[in-house]
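Subject: The structure I promised, with notes

Hi,

Here is the structure I said I would pass on. Have a look at it, and then read my notes below.

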Amino acid sequence: MAASATLPRWDMDVVYPGLASPEFRAAFDRILEDIGRIEQDFDSRGIDKGGPGNASTLDPTLNEVNAFLDRFETLYSYVACIVSTDTRDEAALAAESELDQPLSRVRKLLKRLTAWVGGLDLKKALAESETAKEHRYFLERARIATAHLMDPELESLVSDLEITGSSAWDKLYGKITSQLPVTLEYRGKTETLPMSAIRALASDPDRGKRKAAYDAELAAWKSVEVPIASCLNGIKGETLTVTRRRQWSSPLEAACFNASIDLPTLDAMMLAARESFPMFRRYLQAKARAIGVDRLAFYDLFAPIAKETKPWSREEAESFVVDQFATYSPKLSEFAARSYRESWIDWEPRDGKVDGAYCAPLRMDESRILMNFKGTYDSVRTLAHELGHGYHNLCLKDRVPLLKDTPMTLAETASIFCETIVKNGVLQTGTDEEKLVALEGALTGACQVVVDISSRFLFEQSVFELRSKREANPREFCELMLKAQKETYGDGLDEAQLHPYMWAAKGHYYGSSYYNFPYMFGLLFGLGLYTVYQNEGEAFKARYDDLLGSTGTADATTLGSRFGIDIRTPDFWRGSLAQIGADFERFESLI
């Protein structure tokens with residue numbers, strides 16, 4: 001059965017009937033009023049770095065901020081979701097721009113709160129206040145963060161300047177890439193496609209078409225390399241300046257703090273990753289043999305080996321995921337079914353819609369999932385992945401906003417777990433061809449998350465090193481990217497056919513620094529937890545939900561220790577990578 005001709009879009013009207021509605025405007029106006037009131041309350045309470053404070057002040061302040069963030073995050077997510085489905089929607093873009101000033105004010109308030117609580121007598125506060133006890137992890141992290149905050153006036157200035165600095169560069173990058181037309185020439189036919197459609201051809205079974213799409217993509221990136229390089233230079237330059245003024249030793253140290261891990265944990269994981277490169281190179285060499293080439297080009301990374309026996313319809317994808325989730329728990333299965341019933345998912349690829357997929361918390365226990373469904377097993381796997389994020393949001397629903405703040409390292413836990421459930425379902429019930437498709441998808445994904453993300457990590461390190469001295473030009477960005485790809489992929493890929501413009505293709509570089517390594521952490525941490533589940537069975541499930549609901553209340557080391565996991569040792573990471581190695585052995589036996 002072919003994929004549905006008309007794919008559903010998500011329902012946002014249950015929140016507000018539209019950006020032009022009185023309900024949205026009233027909510028927006030209330031946000032502005034709330035911010036003004038909280039600013040006045042902060043002033044009257046002396047909430048700033050070095051300001052006086054006690055439990056009687058702490059409790060109403062935390063309660064007020066949490067209540068406000070609940071409303072603000074719903075409105076902000078609502079606007080961001082609408083923009084992502086149509087980056088040409090002028091009304092949505094105007095609403096997003098109108099939120100810039102309120103967002104800046106909210107960031108200032110949160111910095112003031114962090115600076116103030118970081119200076120409190122924590123022992124005294126915990127003894128006097130139940131609210132303080134509930135927020136203990138937030139308060140403890142605030143003490144560390146406070147040591148890296150500038151004077152309040154400078155922090156306020158940085159928040160103001162971000163609007164016309166890194167935030168503006170990020171927006172420009174998003175507009176350029178989502179609206180970039182790409183000219184594809186293949187077999188005498190010329191057509192113009194959006195970049196998302198061109199990049200999707202990387203998984204086309206026709207190698208000639210993959211090569212044509214690759215050539216067209218590189219040409220398109222080259223045509224906009226100057227403005228995109230300016231975006232990257234601007235964002236990384238600002239990061240270096242602010243990081244230095246906040247007295248972090250490097251952007252990486254700050255990124256590890258934000259990811260709730262320490263440098264020994266990162267070093268242990270990256271060591272295990274480097275040790276696994278030969279295994280991934282063997283996988284790439286086996287894939288090259290399977291498709292009949294001496295060595296894979298970059299555009300072969302996503303080439304299908306097994307021909308899918310049928311395209312997946314949206315309905316088939318929905319039911320398969322629900323059924324596989326039911327093998328784990330009725331709660332997870334019902335959650336997926338609910339997301340379909342209540343139209344949480346925007347399925348169809350279309351012009352102006354951002355590429356890829358994401359899950360955004362919207363309100364209470366609701367999420368919204370953006371898909372670009374293509375009727376393949378990869379789309380099914382992506383659906384399971386994003387529903388995993390939604391399930392994580394469900395487990396966090398009873399936490400106040402200040403205790404929902406989940407670092408990227410832990411944000412991938414449930415999504416990887418759900419991907420693994422679906423993959424194992426295919427391996428248990430599918431035909432050999434279907435098993436091969438699932439294994440290939442898992443190995444391709446793992447190769448991206450371990451090998452390609454290692455290359456992105458090395459690239460970003462080298463960018464920061466160069467940017468600390470001067471701006472880099474597009475040619476230099478390409479050279480740094482090729483160097484990183486050669487160091488990681490090695491003889492698994494043809495060095496003459498790599499992807500020099502991956503720095504332009506990956507939007508992660510234009511947001512938070514070192515957005516890359518948390519994905520590797522998430523994959524390997526999720527696989528490690530799945531092993532614990534296989535060993536424990538039913539006893540695991542309640543503890544797992546509790547972990548997902550606690551990702552804003554403890555660091556990764558503490559949460560891992562609840563399951564007997566020591567993330568500071570390479571052995572844990574080697575164990576997770578061994579699971580990928582077992583998939584490779586099954587894959588090799590099938591081909």
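**N233 and its neighbours**

Leaving aside neighbours within four places in sequence, N233 is in contact (heavy atoms within 4.5 Å) with R467, E471, A472 and F477. The side chain of N233 also reaches the backbone oxygen of A472, at 2.7 Å. N233 is found in helix α12; helices here are DSSP runs of H or I with at least four residues, strands are runs of E with at least two, and both are numbered from the N terminus. With a relative accessible area of 3%, N233 is buried (buried is under 20%, exposed is over 50%, partly exposed is in between, with a 1.4 Å probe and protein chains only).

Before you go further, note that this is a predicted model, in which local features need pLDDT of at least 70 and side-chain atom pairs count only at pLDDT 80 or more, while totals for chains, interfaces and linings use all residues. Residues are numbered from 1 along each chain as its sequence is written, and side-chain values use heavy atoms, with hydrogens and water left out.

**F459**

F477 turns up again here. F459, in helix α20 (residues 432-467), touches L232, F477, L480, M481, A484, W503 and Y509, not counting residues up to four places away in sequence. Its relative accessibility is 1%, so F459 counts as buried. If you want a sense of distance, F459 and T406 are 53 residues apart in sequence, and their C-alpha atoms are 26 Å apart in space.

**Helix α11**

The buried residues of α11 are R210, A212, A213, Y214, A216, E217, L218, A220 and W221. They pack against α9 (166-178), β1 (181-186), α10 (195-200), α12 (225-245), α14 (263-291) and α22 (502-505).

**The second largest pocket**

The second largest pocket holds about 280 Å³ of space. A pocket, on a 1 Å grid over the protein atoms alone, is an open set of points where a 1.4 Å probe fits, with protein on both sides within 12 Å along at least five of seven lines; lining residues have an atom within 4 Å of a point. Of its 16 lining residues, the closest to the centre are R141, F257, S260, I261 and D262. Both α7 (136-146) and α13 (251-258) supply at least two residues of the lining, and α7 gives the most, with 4. By type, the lining has 7 nonpolar, 3 polar and 6 charged residues (Ala, Val, Leu, Ile, Met, Phe, Trp, Tyr, Cys and Pro count as nonpolar, Asp, Glu, Lys and Arg as charged, and the others, Gly among them, as polar).

Most residues other than glycine have a negative phi. R187 has a positive one, near 50°, and so does Y514, also near 50°. R187 sits in the loop between β1 and β2 (189-194) and counts as exposed at 69% relative accessibility. Y514 is in the loop between α22 and α23 (517-536), but counts as buried at 5%.

S379 lies in helix α17 (residues 377-395) and is buried, with a relative accessible area of 6%. A polar atom of the S379 side chain lies 3.0 Å from the backbone nitrogen of K374.

T429, in helix α19 (residues 413-429), is exposed at 60%. A polar atom of the T429 side chain lies 2.8 Å from the backbone oxygen of G425.

Finally, T6 is in the segment before α1 (22-45) and is exposed, with a relative accessible area of 66%. T6 and L577 are 571 residues apart in sequence and 40 Å apart in space, C-alpha to C-alpha.

Best wishes

Methods. Grid points are joined across faces, edges and corners, and a volume is the space filled by probe spheres set on the points. A polar contact is a pair of N or O atoms within 3.5 Å; within protein, one must be able to donate a hydrogen and the other to accept it, and residues adjacent in sequence count only if both atoms are side-chain atoms.
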